[in-house]
Amino acid sequence: AIMQLSFKLSYYNEYKSYLSKSQKSTMVASKKTKKAMESINSRLALVMKSGKFLIGYRSTIKSIRQGKAKLIIIANNTPALRKSEIEYYCMLAKVGVHHYSGSNIDLGTACGKYFRVGALCITDPGDSDIIRTMPSE
């Protein structure tokens, strides 16, 4: 019984050291993405206060069709078919698309909403410079 316990303990310690090594490598890579995420979140907050926007897949498609859309932001866990359809409409209408690095829950939080947001359409950026900076990234 003691032999089994010591084996489990050594296995646990190896696993723990493996986890800490993998976390260190991802921490360095995630600093840059975290900074980019903060910049888009602050720009989004400014759009929410001073600009005009539409939330949701259907209203996003409608605004692209009407030619009112300036920038589209899509969450990273939006279904592939939906994502490609939005991208296709944007290509036809020459509208910028930004793939948000967080999930739809994160995008909803960044918009200051208490619900999930899969697609977001900015029709008027207001005081924000989000349209000039996002499509280039």
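Student: Is Leu92 buried or exposed?
Tutor: The model is a predicted one, and in it Leu92 is placed in helix α3, which spans residues 80–93. The relative accessibility of Leu92 is 51%.

Student: Which residues form a nonpolar patch on the surface with Leu92?
Tutor: The patch has about 350 Å² of accessible area, taking its members together. Besides Leu92, its members are Tyr88 and Met91.

Student: Which element gives the most residues to the largest nonpolar core?
Tutor: This core has 16 residues, and those touching the most other members are Leu44, Ile73, Tyr100, Leu107, Leu120 and Ile130. Two or more residues come from each of α1 (2–50), β2 (71–74), α4 (104–110) and β4 (119–124). With 4 residues, the element that gives the most is α1.

Student: With which residues is Leu107 in contact, leaving aside neighbours within four places in sequence?
Tutor: Leu107 is one of the core residues that touch the most other members. Once those sequence neighbours are set aside, its contacts are Leu44, Ile73, Ala75, Tyr100, Val117 and Gly118.

Student: In what order do the elements of the chain run from the N terminus on?
Tutor: The secondary structure comprises 5 helices and 4 strands. Their order from the N terminus is α-β-α-β-α-β-α-β-α.

Terms used: Residues are numbered from 1 along each chain as its sequence is written. This is a predicted model: local features need pLDDT of at least 70, side-chain atom pairs count only at pLDDT 80 or more; totals for chains, interfaces and linings use all residues. Side-chain values use heavy atoms; hydrogens and water are left out. Patches are made of residues with over 30% relative accessible area and no salt bridge: like charges are joined within 9 Å, nonpolar side chains (Val, Leu, Ile, Met, Phe, Trp, Tyr) within 5 Å. Accessible areas come from the Shrake-Rupley method with a 1.4 Å probe; for residues, only the protein chains shown count as cover. A salt bridge is a side-chain nitrogen of Lys or Arg within 4 Å of a carboxyl oxygen of Asp or Glu. Buried means under 20% relative accessible area, exposed over 50%, partly exposed in between (1.4 Å probe, protein chains only). A nonpolar core is a set of buried Ala, Val, Leu, Ile, Met, Phe, Trp, Tyr and Cys residues joined through side-chain atoms within 4.5 Å. Contact means heavy atoms within 4.5 Å.
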